[in-house]
Amino acid sequence: MTNFPVINLEKLNGEERNDTMEKIKDACENWGFFELVNHGIPHDLLDTVERLTKEHYRKCMEERFKEFMASKGLDAVQTEVKDMDWESTFHLRHLPESNISEIPDLIDEYRKVMKDFALRLEKLAEQLLDLLCENLGLEKGYLKKAFYGSRGPTFGTKVANYPPCPNPDLVKGLRPHTDAGGIVLLFQDDKVSGLQLLKDGQWVDVPPMRHSIVVNIGDQLEVNLFPIIFNI
């Protein structure tokens, strides 16, 4: 199978722009996923997000997660579990209105860092939408306007930890699913391969790469826009 697509955004600024745009087009059409490097988000910020997220889990969520899973009997299952995931999560809403000040147990540094991270992700998402517009022959800003609606876009962060599971063959970290949004940006662990996508009937690992951002074309773009554009 062809290697998972990796896009170097720095190459958009030089002689390899056309080739890079073609790689993005191919990744969208044939994968619905690609991995970004040199995307403009500072590496030290990504390192801080990772560190604070892991610290928050250990201090505030780990024991609650263990107690919850034990209460459901998931730490000692004998048959496959199909209605629950082995993940510990919380959700931050950024747009149209932020709820980050309402999330309990977050230290001030974590709140500040996640606000900064969200602003940079929003800027990157808008850049990617304009690149998709360019590949589709649409005017710049078309997709951004399409997602604004009457109150502006909906934008949030799901912060997820996947602790070691005693029965990984019986309880999945996250069951197979599609993402309903327009464009999804994922910052995954760079040491443990866990993220997969279904391509041509086979599950393919998304390779963990330090400081990369994984891009997933969500259902709203894939179902509503791309069939219309590519069938004209």
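Across the protein chain the pLDDT averages 87, with 94% of the residues scoring at least 70. Confidence in the protein chain is highest in strand 1, at 97, and lowest in helix 6 (residues 226-230), where the mean is 41. Over residues 225-232 the pLDDT falls below 50, although this stretch has twelve contacts in the model beyond near neighbours in sequence. Where pLDDT is low, the predicted coordinates should not be read in detail.

An open sheet is built from four strands in the order 1-2-8-5, and its pairing is mixed. Strand 1 (6-8) and strand 5 (183-186) stand at the edges with a single partner strand each, so that one side of each is left without a neighbour in the sheet. From one strand to the next, the twist averages 30 degrees. Within this order, strand 2 (residues 33-37) and strand 8 (residues 213-217) run antiparallel and are joined by four bridges; E35 has V214 in strand 8 as its bridge partner.

In strand 6, L197 and K199 belong to the covered face, whereas Q196 and L198 belong to the uncovered one.

Among the helices, helix 3 (residues 108-136) takes part in two packing arrangements described here, one with helix 2 and one with helix 1. The axes of helix 2 (residues 43-71) and helix 3 come within 10 Å and cross at roughly 135 degrees; helix 2 and helix 3 are therefore oblique to each other, and the crossing in which helix 2 passes helix 3 is left-handed. The contacts involve L45, L46, T48, V49, R51, L52, T53 and H56 on the side of helix 2, which meet E109, Y110, V113, M114, D116, F117 and R120 in helix 3. Helix 1 (residues 17-30) packs against helix 3 at an angle of about 95 degrees, with the axes 10 Å apart, which makes helix 1 roughly perpendicular to helix 3. In this second arrangement, R17, M21, I24, K25 and C28 of helix 1 meet L131, L132, E134 and N135 of helix 3.

Two individual positions were also examined. S88 is found in strand 3 (residues 88-95) and, because its relative accessibility is 5%, counts as buried, the cut-off for that class being under 20%. When residues up to four places away in sequence are not counted, S88 touches Y57, M61, F65, V159, A160 and N161. C165, by comparison, lies in the loop between strand 4 (155-161) and strand 5. With residues up to four places away in sequence again left out, C165 touches W86 and V171. The C-alpha atoms of C165 and L74 are separated by 9.2 Å, while the two residues are 91 residues apart along the chain.

Conventions:
Residues numbered from 1 in each chain as written. Predicted model: local features only at pLDDT ≥ 70, side-chain atom pairs only at ≥ 80, totals over all residues. Heavy atoms only, no water. Buried < 20%, exposed > 50% of the residue type's maximum accessible area, 1.4 Å probe, protein only. Pairing = 2+ DSSP bridges. Axes fitted to C-alpha atoms, helices over the stretch in contact; angles between N-to-C directions. pLDDT = per-residue confidence, 0-100. Contact = heavy atoms within 4.5 Å. Parallel < 35°, antiparallel > 145°, perpendicular 65-115°, else oblique. Left-handed = near helix turned anticlockwise from the far one by under 90°.
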